[in-house]
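Subject: Structure for your files

Hello,

Here is the structure I said I would pass on. My notes follow it.

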Amino acid sequence: MSSATASTAVQGTGTDESAVARAATIKSVYVYEAPVRLWHWVNALAIVVLGVTGYFIGSPLPTMPGEASSHFLMGYIRFAHFAAGYVLAIGLLGRIYWALVGNHHARELFYVPVLQRAYWREMLATAKWYAFLSKRPNRYVGHNPMARFAMFFIFFLCTIFMIATGFALYGEGLGSGSWANRLFGWVIPLMGQSQDVHTWHHLGLWVMVCFIILHVYAAIREDIMGRQSIVSTMLSGHRTFKE
Ligand code: HEM
Ligand code: HEM
């Protein structure tokens, strides 16, 4: 340990100003504004609640002991599902509003530049990196091209589908003439009848589960192996870069 280090490192406190002075300067770009970050985590929580409660709506728990009137388990499960459904839908409306007024990264979720040759070139580069065929990935300030593709074509479209089918079923429960029935009732005859909507809505759960598995894997893997920060960027908003 050099004498300079020893003089400013206060043993046991974690402070070490000389180590800080010698450290590399990290460049950072402010990417995700607070509303995007807040929406991301609230939305993730709502989807976890929807996934778990939806699974139990489709495959209810074994019979409860005692009188039916002494418990309300499926009622609570359905209530949590519907409440999280409202959070998902209202959250998405708020997120769309922020795409209009926020920075340009806030718009990436809602379209994919499929007509740009450069987009597909970067997509190929990312695919090679994910397939362990290239040694050095490129650095991306916004979502990388493959993340963007998955976020739009899997997450966004599936979420719209789940909101439309979910509120169509919800409107059935509320009754004809209810707001949900008037706004989304058309979905039921479009798919056949109520049970078809249940089946498609149920399948949507597994599409979403696939997205989440890939998404969380890619986020953590890129954070460790890639050349930019990932997970902390969705917490602080800042993207930092490695050499
Ligand atoms: C239900 C679970 C989740 C869903 C549905 C979800 C969905 C999304 C969506 C739609 C975006 C795009 C955000 C935007 O452009 O506004 C995103 C970004 C992101 N998510 Fe998640 N997420 C989930 C869980 C997680 C978890 C658990 C992590 C942490 C490991 C995570 C880390 C991130 C990061 C780091 C980004 C930004 C990626 C980038 O900078 O390219 N997500 N997520
Ligand atoms: C990512 C979002 C969502 C997921 C993963 C999800 C999942 C599920 C699943 C797996 C079922 C059981 C389907 C069956 O087998 O019959 C279900 C039922 C249902 N969901 Fe969702 N759902 C989501 C969003 C929504 C939304 C936004 C609403 C709107 C309020 C909603 C309302 C309903 C209703 C009304 C039912 C039927 C309840 C019943 O029959 O008792 N869902 N959901």
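The radius of gyration is taken over C-alpha atoms, and the globule rule is 2.2 Å times the number of residues to the power 0.38. For a compact globule of 243 residues that would be near 18 Å, whereas the protein chain has 23 Å. Its C-alpha trace spans about 75 × 50 × 35 Å along the principal axes.

This is a predicted model, in which local features need pLDDT of at least 70 and side-chain atom pairs pLDDT 80 or more, while totals for chains, interfaces and linings use all residues. Residues are numbered from 1 along each chain as its sequence is written, with chains lettered from A and ligands numbered from 1 in the order in which they are written.

The protein chain has 10 helices and two strands, counted as DSSP runs (helices H or I, at least four residues; strands E, at least two) and numbered from the N terminus. Their order is α-α-β-α-α-α-α-α-α-α-α-β.

Ligand 2 has 26 residues around it, with G54, G58, G85, G166 and H198 the nearest; the criterion is a C-beta atom, placed from the backbone, within 6 Å. At least two residues of this shell come from each of α3 (34-58), α4 (73-101), α6 and α9 (194-225).

F132 sits in the loop between α5 (117-130) and α6 (145-174). Phi of F132 is near 65 degrees, a positive value in a residue other than glycine. Most residues other than glycine have a negative phi.

Regards
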